[in-house]
Amino acid sequence: MPVSYFLVLSALLFSIGVYGVLARQNAVLVLLSIELMLNAVNINLVAFSALLGQTGVPGQVFALFVIAVAAAEVGIGLAIVILIFRNRQSVDVEEMSLMKW
Amino acid sequence: MNLAQEFSQPEVQLGGIAPELLLVGVALIILVVDASFGRGDNRWYLAGLSALGLAGAAALAIMTWGDNELQLSNMIAADGLAAFSKVSLAAFGLLTVLLGRDYLARDKIEESEFYALVLFAVAGMMLMTAAADLIVMFLALETFSVSLYVLVAFRRASLASHESAMKYFLLGAFSSAFFLLGIALTYGAIGSTNLYGGADPVAEPGIANFITGTPTDDLSLLIVATGFLVIGLGFKIAAVPFHMWTPDAYQGAPSPITGFMAAGTKFAAFAALLRLFDASLFPLRSEWRPLLIVLAVATMIAGSVLAIVQEDLKRLLAYSSIAHAGFVLTGVIAANDRGVSGALFYLATYGVAVLGAFAVISLVAGRDEERVLLADHRGLFYEHPLLTTALTLFLLSLAGVPVTSGFVGKLVVFGAAVEAGYTWVVVVGVLTSAIAAFFYLKVMATMFLQERDPDAPALPVGRLASGVVAVAAVATIGFGLAWSPLINAAESATIFFQSPQEQSAPIPPGG
């Protein structure tokens, strides 16, 4: 199977993630979109790792690192979302406009 | 199973990451100590422990001075750049902890997490400056970013603080994803994420020895990857157009943390940028230079112009920090020895000045940071002459006026860029410095020439915070008058570099 299939899939997922971050208004969905971007990169890493064969182990290890870091980021992100929800009863990023310019 | 059987032990050298290990250890101790004994109102020992840890980390970093090698399977560079950066970052952390102690006690939000998170952040920044592998660089970046997301939200009662944290987090995570994509593409292009690679380019590939051993037409994927790495690091140094988070995050964060972010994040990201571009990717400079020049020019202009209209002093300094990222970028673009040492000198002195400025702002702001507008600083001189003089000094240094350290820093980075043949970038830099001088002068005029608001409450000035201001002021004027020790230290802070299987290439001898 050519590696380009996986790269195209990864690029598509990454682009969907970018679109989600830019277009979504709910902070939780923005967070999900960021996760989508990170996982798109994981597909990339694993595909390249498979391409390299025996010497490609670091790519898979890196994918595991990314999963762990993503979990830590989501932990912090959801904590901040909860903090904001408690104070405003909303997690709409468009409404976060105490500060502008 | 034969338990007596010996295995060959891998070589483990911990010298290169000893400061980080110490800091993480101290941070964990702080959390445990506070959970076990922290019931009293006055928990001075938390700040004391952190200060001791940071001083120890600086000492460990000084002990590696003069080393020039890769450690831990080429993952960590123990070189001059790392040592210089670690000492500077430990100093920034120390100032932040001492300032934070007064700040937290005043606002009654003192928690052990603050100190632990600052130490984790400093450890992450230090690791970032020593990373010789993109995986390590990414982990370090996330370590300090995640700590800072929490620290920005530390003013629990303030909606602005929460909003800052949210914006900083979303854009920071967004930029990390781009940085990660850059790493993955680099991995695909060269089969490794190492910046240097081992002695044998086939068995142990790395960016540096891949470029020198490959015909240029095979480099396209690496060049694309470089673009994504620039986006990721550009967010962290707050280069235009990746600067949108900076004013919001700086405005809502607690002032000591704002200063720490301006000083530390910038330093760590720039150290990584210097290592990546001025050492590993140096042979590809004709490809990345135009990109960085566009970023630098846009950053200098946008930062300086947008700062003029700001009414909030923290926001004003946020835009000024954006402009400063542009000035330092000229040193990166120069990509010569003077550029590297000049950028390091600039970042160290800028960090001290900006921490001092935010120390004064946090004092003037009073409880819950209610007085941070420019108008709140009217006639400050007549009430607090010393604080005002110190803030004036910091602003003069940020503006790059002679006799302050900021002037020397600008002189060196601009000189390096002229040496490399980028005079027009320097002309833009000088012009935008002139624009920037305008809003610094506006702040000074407000403090000296206008009447004090009679309703302004008296300022309680903590001893630690005034000590931080004094130290920063002495350093700012000291390095402005006697700059040679720090410049010499920065010049000896060379980046590890190897030119594998290449006898010709005297590519950057020192960095």
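Hi everyone. In chain A, residues 24 or more positions apart make up 52% of the contacts that have a separation of 6 or more, where a contact means heavy atoms within 4.5 Å. Before I go on, this is a predicted model, in which local features need pLDDT of at least 70, side-chain atom pairs count only at pLDDT 80 or more, and totals for chains, interfaces and linings use all residues. Residues are numbered from 1 along each chain as its sequence is written, chains are lettered from A and ligands numbered from 1 in the order in which they are written, and side-chain values use heavy atoms, with hydrogens and water left out.

Let's stay with chain A for a moment. Its secondary structure comes to 3 helices and 0 strands, and the order from the N terminus is α-α-α. Helices (H or I, at least four residues) and strands (E, at least two) are DSSP runs, numbered from the N terminus.

How does the radius of gyration of chain A sit beside that of a compact globule of 101 residues? Chain A has 17 Å, while the globule would be near 13 Å. That radius is taken over C-alpha atoms, and the globule rule is 2.2 Å times the number of residues to the power 0.38. Along the principal axes, the C-alpha atoms of chain A fill a box of roughly 50 × 25 × 25 Å.

Of the 101 residues in chain A, 39% count as buried. Buried means under 20% relative accessible area, exposed means over 50%, and partly exposed is in between, using a 1.4 Å probe and protein chains only. Chain A exposes about 5600 Å², and carbon and sulfur atoms supply 68% of that. These areas come from the Shrake-Rupley method with a 1.4 Å probe, and for residues only the protein chains shown count as cover.

Now to charges. Side chains of opposite charge can pair when their charged atoms come close.

B:K86 lies in helix α3 (residues 80-107) and B:E20 in helix α1 (residues 18-37) of chain B, so the pair ties together parts that are 66 residues apart in sequence. B:K86 is buried at 4% relative accessible area, and B:E20 counts as buried at 5%.

Another salt bridge joins B:R315 and B:D248, whose closest N and O atoms are 3.1 Å apart. This pair links distant parts of the chain, with B:R315 in helix α12 (residues 313-334) and B:D248 in helix α9 (residues 245-252) of chain B, 67 residues apart. Both B:R315 and B:D248 are buried. They also belong to a network of salt bridges that links A:R88, B:E163, B:K167, B:D248 and B:R315.

My next pair is B:E419 with B:R338, where the closest N and O atoms are 3.1 Å apart. Here too distant parts of the chain are linked: B:E419 is in helix α16 (residues 405-419) and B:R338 in helix α13 (residues 337-365) of chain B, 81 residues apart. B:R338 counts as partly exposed, at 34% relative accessibility.

Let me finish with some loops. B:A420 is in the loop between α16 and α17 (423-449) of chain B, and it is partly exposed at 27% relative accessible area. B:A420 and B:N336 are 84 residues apart in sequence and 7.2 Å apart in space, C-alpha to C-alpha.

The peptide bond from B:V240 to B:P241 is cis, with omega near 5°, and B:P241 lies in the loop between α8 (220-237) and α9 of chain B. B:L72, in the loop between β1 (69-71) and β2 (76-78) of chain B, has a positive phi near 50° although it is a residue other than glycine. B:K108 is not a glycine either, and its phi is positive at about 55°. B:K108 is found in the loop between α3 and α4 (112-130) of chain B and counts as exposed, at 65% relative accessibility.

Technical notes. Salt bridge = Lys/Arg side-chain N within 4 Å of Asp/Glu carboxyl O.
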